[in-house]
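Take a look at the model below. This report walks through parts of it, one topic at a time.

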Amino acid sequence: MRVPARVEAVVRRPPWPGTVPRPPVRRDLGVDYDTAWSRRPPARFVRALLLDNVTRPLTYLATRPKVLGSEHLAALRAPVIFAANHTSHLDTAIVLSALPARFRHRAVVAAAADYFFDRAWKARLWPLLLGTIPMERTKVNRRSADLAAELLGEGWSLVIFPEGGRSPDGWGQEFRGGAAYLAKRCGVPVVPIHLKGVRPLLPKGRGTLRPGTVEVRFGSPLSPLAPTPGGREEDARRFAARIEAAVAALADEAESDWWSARRRAARGTTPAFRGPQAAAWRRAWALAESARRDRPRQPRGSAKPW
Amino acid sequence: MSPRPGFVLEVDRSTPPVLFWHGEGFRLERLPVGSRVIYPPEPVAPLRDPAAAIREALEHPLGDSPPLSALLHPGMRLTIAFDDVSLPLPPMRAPDVRQLVIEAVLDQAAAAGVDDVVLIAALALHRRMTDDELRHALGSRIFDAFAPNGLLLQHDAEDPANLVHLGTTEAGEDVEINRRAAESDLLVYVNINLVAMDGGHKSVATGLASYRSLRHHHNVRTMQHSRSFMDLHRSELHHSNWRMGRLIKQAGVRVFQIETTLNTDTFPAQFGFLQRREWEWRFVDRAGFSATKAALDRTPPALARQIFQAIRAPHALASVQAGEVEAVHERTLANVHAQQLVPVSGQTDVVTMGLPYICPYNVNSIMNPILVACLGLGYFFNLYRNRPVVREGGVAILSHPTPWAFHPVHHPSYIDFFEQVLAETTDPLEIESKFEESYARDEWYIHLYRTSYAYHGVHPFYMWYWCAHALEHLGQVIVVGGDRRAVRRLGFKPASTLADALEMAEDVVGRDPSITHLHLPPLFLADVT
């Protein structure tokens, strides 16, 4: 149901002009907010209760997720970094819902400090519901990185969206180096995840949810310590590119089939994850074309008589 | 935390719609990407102890003036003149700053044993103030002590018996002012400096003058050479007043000037959204705006006018200085500039402005079409230093309903000016030469000015002259959402929406014009480089 514009104008905060610098976030909010309380037993118990009995059923009801590739998780032991593409606010709930309980109940989610921790009520709500920790997304922040590394060291898994924010147009964005850096620093494997079909349900800029169907595709874990062809150690930037390529291959798999996608990946011809480098309308056009291919076709002969 | 200065916003895709005043209402308009919006500075902190600050100013005057207490002695004639109902805007919450200052002066006069004290509202050619307005400006204590005894007067610029001709300036300007003020041993003038135009020698030389005197600077030539009249050093209006002020001083009139500045805290809390930048609107602001707009959309215009005219501004005293006129005014101007100047880089092709429900000449009255033009092209256009915000040949887009409505008691000559003069021509020079004299000398208008609550017969001419610089400078004036007939009568173009107005402006200034919106009130002064 669409919220009336008049109500939305009151309820929704106005956008902030890009030409005006934002005021500094209060010292006890944003990236400085201390979420330690949300990882203590009482909060973990409440979160587990809510995740399993409220968030997960509601997410399943609204998105009917089809989970593929979860066999890749069977042999894994925490801590793990789960790196997914990001097109919607639903992504976090979907990923957490799709994770096995042993990861789900001991996972933290890297969330934008300037968005999820800018107000006191948000800084309390999201860590309790989803186990979020504040992450600086515009620059490398030692405090964010140290906290995430410390939690990985304690055995917590990390759900992270390396694009740094939701896609504005549905195509992927460049993966930033945070996930790769943490994986290398802590020696933790990264599981690439591709989420398909989430954006139409709740895209950036829309406030109302439209139920639908999504696909969650887990890829093979990527080791940050794997030797490179030249025998040299892979740096974080290259590892980030490898994570992005893995998610792109999963996206290709979602559009075609596993074998075709594997062959294209081997040949280096995986379709561009970030879409065509063209005008905005052509990018939108290409995305719409891809969505059109996905729509179930009418079987021949069942055409309506009129 | 110190108040944030004004600034120029560059509109981008994520800039929320910008608030435009629209008479007794508002519009939220989305400006094209790349447009600029000039936002006023936040109000400066008020003085913590206004009474102490006033006492301090009276005892430590500026310039070559002795302290007020040293100028007061038994047996003297003391006259206290004060700014009329046109200041401040909107009228401020009680206690009005005039009350605070005049009470302090009277305290000292009483202590010095001064018996002969008269208070005069410096009306110039404005309408007389009602008893309620006087009581609000001066407070009940002063009003009840002076008004019943005939010691609270209103300047009458058409009473030959109570005017005195002090001489002629080197530029040939007659200086004729209120006799009581001129013949007093001390004239204390209590001013409110809301904008840079107010105060200085203009207080006495205009506020207490006659038509014979005023016509030397309230004319088309002076206004076209005042660029702007908010800039003392480039204003022919002020040069003329300064010549007159100095002549008044040479004639032996001792003036003790008390000037005050108010902060720009213009609207009460329930209208907080009017003073907050749109992207910083909190829930209460958004709810307040939506509720106010929804209510106003359903309110008859006359009732909406009453509601808005009942607003009392939470203005607070920001500074007070007293002493010799020019020294005082220099300090006052510095204080006004400190809180109102906004640096603006470069001119614009199109300037947009939302005009509110009030200007200096329709307090407790109706904003008629002539006053709409005066507020937009006279006041807002002239809120600049160095260069106008809009380039020569550019377009001004005003947003106001511009109703074909006049207050029959306050503005009788405006009605005839609109029906008779503007129907024939809108050229200020032609209007001045052909019509001014007959309106200024009209016995009926003079009678209404002196005995009723009417602006002087010549006043609508002055409002039109106020626009003369803008009319000469601009290529076109467009009014959004105005009464079409009234707008056309003013010689402007009507437009239904801002988008239409911008399209029309392109016919004058070319494709993809630069656009600048003046986000006021609260007031600012654009320092255009």
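Which residue is the bridge partner of His194(A) in β7(A)? Arg217(A) is that partner. Keep in mind that the model is predicted.

## Strand pairing in chain A

Strand β7 of chain A covers residues 215–218. Two strands pair with β7(A), and each is described here in turn.

Strand β6 of chain A spans residues 190–196. β6(A) and β7(A) pair in the antiparallel sense. Four bridges link them.

Strand β1 of chain A spans residues 66–68. β1(A) runs parallel to β7(A), and three bridges join the two. Look at Lys66(A): the residue opposite, in β7(A), is Glu215(A).

## Chain B as a whole

Chain B has 20 helices and 20 strands. Its radius of gyration is 22 Å. The globule rule gives 24 Å for 529 residues, and the two values are close, so chain B is as compact as a globular protein of that length.

The C-alpha atoms of chain B fill a box of roughly 70 × 55 × 45 Å along the principal axes. Of the 529 residues in chain B, 57% are buried. Now consider contacts in chain B between residues at least 6 apart in sequence. Among these, 80% join residues at least 24 apart.

## A residue inside chain B: Arg127

Where does Arg127(B) sit? Arg127(B) lies in a loop of chain B, between β6 (116–122) and α4 (131–146). Is Arg127(B) buried or exposed? Arg127(B) counts as buried because 27 C-beta neighbours lie inside 10 Å, and the cut-off for buried is 20 or more.

Set aside the neighbours within four places in sequence. Arg127(B) then contacts His410(B), Tyr453(B), Ala454(B) and Tyr455(B). Gly481(B) is 354 residues from Arg127(B) in sequence. In space, their C-alpha atoms are 29 Å apart.

## Where the chains touch

How many residues does each chain give to the contact? Chain B gives 12 residues and chain A gives 10. On the chain B side, two elements give two or more residues: β1 (7–10) and α10 (283–297). The largest share, three residues, comes from α10(B).

In general, the size of an interface is often given as the accessible area lost when the parts come together.

Technical notes. Residues are numbered from 1 along each chain as its sequence is written. Chains are lettered from A and ligands numbered from 1 in the order in which they are written. This is a predicted model: local features need pLDDT of at least 70, side-chain atom pairs count only at pLDDT 80 or more; totals for chains, interfaces and linings use all residues. Two residues are in contact if their C-beta atoms, placed from the backbone, lie within 7 Å. A residue is buried if 20 or more other C-beta atoms lie within 10 Å of its own, exposed if 12 or fewer, and partly exposed in between; C-beta atoms are placed from the backbone. Two strands pair if DSSP finds at least two bridges between them. The radius of gyration is taken over C-alpha atoms; the globule rule is 2.2 Å times the number of residues to the power 0.38.
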